[in-house]
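Let me put the thing up on the screen and then I'll talk you through it.

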Amino acid sequence: MTSASATTTKAPANAPAAPAAGTSPHDAGLLLLRVVLGLTVAAHGSQKLFGWFGGGGISGTGRFFTAVGYPAGDAMAAVAGLTETLGGLGLALGLLTPLAGAAVTGTMINALAVHGAGAFFAPKGMEYELLLAVAAAALTLTGPGRHSVDRLLPVAAAPIRRPALGVQALALGVVLAVITLLVRT
């Protein structure tokens, strides 16, 4: 006869492991990636919106957008600046991460298309935009980790749907990027 305290229940082999109480290296890595990527993209967006960090502001960025074939350059500069700033801050905070990551991914797809594939490395290369796009897409698919605002939202109660949500958000970002590229002359 065994006592109740000596009896253990074994979890099925395919059951997910319970999360550890402390910070896992996985969560710490996602936090680091989110904060650095998010703040970098948000700063880049603030260059477009406000002219901070040596940026052109709406008018300077708008002239660039017009020169590369976008209609209504100032409006497109505002859209790009808002998308980068809000998407970047969303990633940094881990707030609505699938949508924030999809927004950044879509914006970087446009940047890649405008920049062209003439070279991979700087000064005329596309490695920077590609890195930002892929990192944002990866965060869209993996989620923000445990150290995020998303964890406090009702969506966090349904982790089973997270992969599907990430794929759907990424698809939305790509579709919107393609639509934006189609209006470019």
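This is a predicted model: local features need pLDDT of at least 70, side-chain atom pairs count only at pLDDT 80 or more; totals for chains, interfaces and linings use all residues.

So, which element gives the most to the lining of the largest pocket? That's α4, with ten residues. Residues are numbered from 1 along each chain as its sequence is written, and side-chain values use heavy atoms, with hydrogens and water left out.

Back to the pocket. By pocket I mean an open set of points on a 1 Å grid over the protein atoms alone, where a 1.4 Å probe fits and there is protein on both sides within 12 Å along at least five of seven lines; a lining residue has an atom within 4 Å of a point. The largest one holds about 730 Å³ of space, the volume being what probe spheres set on the points fill, with points joined across faces, edges and corners. Its lining has 33 residues, and Lys48, Phe65, Ala80, Glu84 and Thr107 lie nearest the centre. Two or more lining residues come from each of α1 (25–50), α2 (57–67), α3 (73–93), α4 (97–115), α5 (127–142) and α6 (162–182). Sorted by class, the lining is 18 nonpolar, twelve polar and three charged. Nonpolar here is Ala, Val, Leu, Ile, Met, Phe, Trp, Tyr, Cys and Pro, charged is Asp, Glu, Lys and Arg, and polar is the others, Gly among them.

Zooming out, the chain has six helices and zero strands. Of the 185 residues, 35% are buried, which is under 20% relative accessible area, with exposed over 50% and partly exposed in between (1.4 Å probe, protein chains only). And take contacts, meaning heavy atoms within 4.5 Å: of those with a separation of 6 or more, 67% are between residues 24 or more positions apart.

Now, salt bridges. How many does a search of the whole structure find? Two, counting a side-chain nitrogen of Lys or Arg within 4 Å of a carboxyl oxygen of Asp or Glu. One pairs Glu84 with Lys48, closest N and O atoms 3.1 Å apart. Glu84 sits in helix α3 and Lys48 in helix α1, so this pair ties together parts 36 residues apart in sequence. Glu84 is buried at 3% relative accessibility, and Lys48 is buried too, at 11%. Remember, both of them are on that list nearest the pocket centre.

The other is Arg146 with Asp27, at 2.8 Å, N to O. That one links distant parts of the chain, 119 residues apart: Arg146 in the loop between α5 and α6, Asp27 in helix α1. Arg146 is buried at 19% relative accessible area, and Asp27 is buried at 6%.

Last bit, backbone. Most residues other than glycine have a negative phi. Phe53, though, has a positive phi of about 55°; Phe53 is in the loop between α1 and α2 and exposed, at 61% relative accessibility. Leu96 has a positive phi as well, near 50°. Leu96 lies in the loop between α3 and α4 and is partly exposed at 45%.

Notes. Helices (H or I, at least four residues) and strands (E, at least two) are DSSP runs, numbered from the N terminus.
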